[in-house]
Structure formats: structure tokens, C-alpha cells
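The following questions and answers examine a predicted model. Please consider the structure before reading each answer.

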Amino acid sequence: YHMWVFDLLVTGANKGIGFVIVRELCKAKFTGDVILTARNEKLGNEAVKMLKSEGFEVAYHRLDLCDQGSAKQLSNFLQKTYGGLDVLINNPLLFWRNMLCNYCIFVASSNVITDNLSILAN
């Protein structure tokens with residue numbers, strides 16, 4: 001029996017559907033690192049604090065796909081820390097917002113997320 005360990009990132013996860021997804025992954029004892037992202041650093045850290053108060057282990061990283069610097073910072077963090085990213089859960093509401101910004105990432109797994117973030121950051 002082999003237990004797979006993944007790192008997983010959820011976009012726009014400081015509230016709503018994204019927050020619930022992170023909480024449910026933690027409740028299900030997801031094996032790996034769960035990274036919650038949000039545009040607003042204060043709200044992102046508050047969401048992590050709330051989840052940690054419930055006994056869940058979650059990390060936060062700022063991500064605003066309309067901000068090239070933000071995308072580049074996250075891309076660099078993921079490459080340095082994990083060598084890429086295994087799983088992305090792209091918050092559906094973020095998709096519609098980003099259609100207006102002409103930034104759209106549909107990614108399922110592997111290093112594609114960091115490749116796409118690198119493209120957005122350039």
C-alpha cells in the first residue's frame with residue numbers, strides 16, 4: 001500500500017465555496033499540504049486562523065491573478081518549496097472575474113500551474 005502525498009492549492013479560498021473546499025479537504029484528512037489563496041492578505045490570514053482554531057493545518061499565500069507580481073511570487077514559492085504544484089482547485093467565481101482580466105487558468109495537476117503563473121507574471 002502506497003500513500004500518495006500531494007500539495008494542493010485552492011484559489012479564492014478565504015470565504016465561500018473555496019473556504020468550504022479547504023475545510024472539507026482538511027476534515028477528510030487530505031494527505032499533503034493545503035494552500036489557501038486569497039487576494040486580500042488580511043482576509044486570507046483570518047481564514048487560515050479560523051481553520052487552525054478548528055485543528056486544521058493550512059498554509060496561506062497571496063494570489064491575485066490580475067496582479068502579475070502576485071502570480072510571479074506564488075510561482076516562485078511553489079517552485080522553490082514544492083518543485084511545482086500537484087493539484088489546483090480553481091474557485092469557479094474567480095474564473096468569471098478573471099475573464100474580464102483576460103487571465104484564465106484551467107489546470108488539473110503537475111507543474112502546469114507554475115508554468116502558467118510564470119507566463120502571467122511575465
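Q: Which residue just after α1 takes a positive phi?
A: Helix α1 covers residues 16-27. Just after this helix, phi takes a positive value of about 60 degrees, and the residue concerned is Lys29.

Q: Within what arc do the buried residues of α1 fall, seen down its axis?
A: The buried residues of α1 are Gly18, Phe19, Val22, Arg23, Leu25 and Cys26. An α-helix has 3.6 residues a turn, so residues three or four places apart point the same way. The buried residues of α1 line one face of the helix, because they fall within an arc of 160 degrees.

Q: Which elements do the buried residues of α1 pack against?
A: The buried residues of α1 include Phe19 and Leu25. The partners of these buried residues are β1 (6-10), β2 (32-38), α2 (41-53) and β4 (87-89).

Q: What is the handedness of the β-α-β crossover from β1 through α1 to β2?
A: Strands β1 and β2 pair in the parallel sense over five bridges, and Phe6 stands opposite Gly32 in β2. The chain passes from β1 through α1 to β2, and this crossover is right-handed.

Q: Which residue in β4 is the bridge partner of Leu9?
A: Strands β1 and β4 run parallel and are joined by three bridges. In β4, the bridge partner of Leu9 is Leu88.

Q: What is the geometry of the aromatic pair formed by Phe77 and Tyr82?
A: The structure holds one aromatic pair. The ring centres of Phe77 and Tyr82 are 6.2 Å apart, with 85 degrees between the planes. Planes over 60 degrees apart count as edge-to-face, and the pair of Phe77 and Tyr82 is edge-to-face.

Conventions
Residues numbered from 1 in each chain as written. Predicted model: local features only at pLDDT ≥ 70, side-chain atom pairs only at ≥ 80, totals over all residues. Heavy atoms only, no water. Phe/Tyr/Trp six-rings, centres within 6.5 Å; stacked < 30°, edge-to-face > 60°. Helix = DSSP H or I, 4+ residues; strand = E, 2+ residues; numbered from the N terminus. Expected span 1.5 Å × (residues − 1). Buried < 20%, exposed > 50% of the residue type's maximum accessible area, 1.4 Å probe, protein only. Arc of directions from axis to C-beta. Contact = heavy atoms within 4.5 Å. Pairing = 2+ DSSP bridges. Right-handed = clockwise from strand over helix to strand, strands pointing away.
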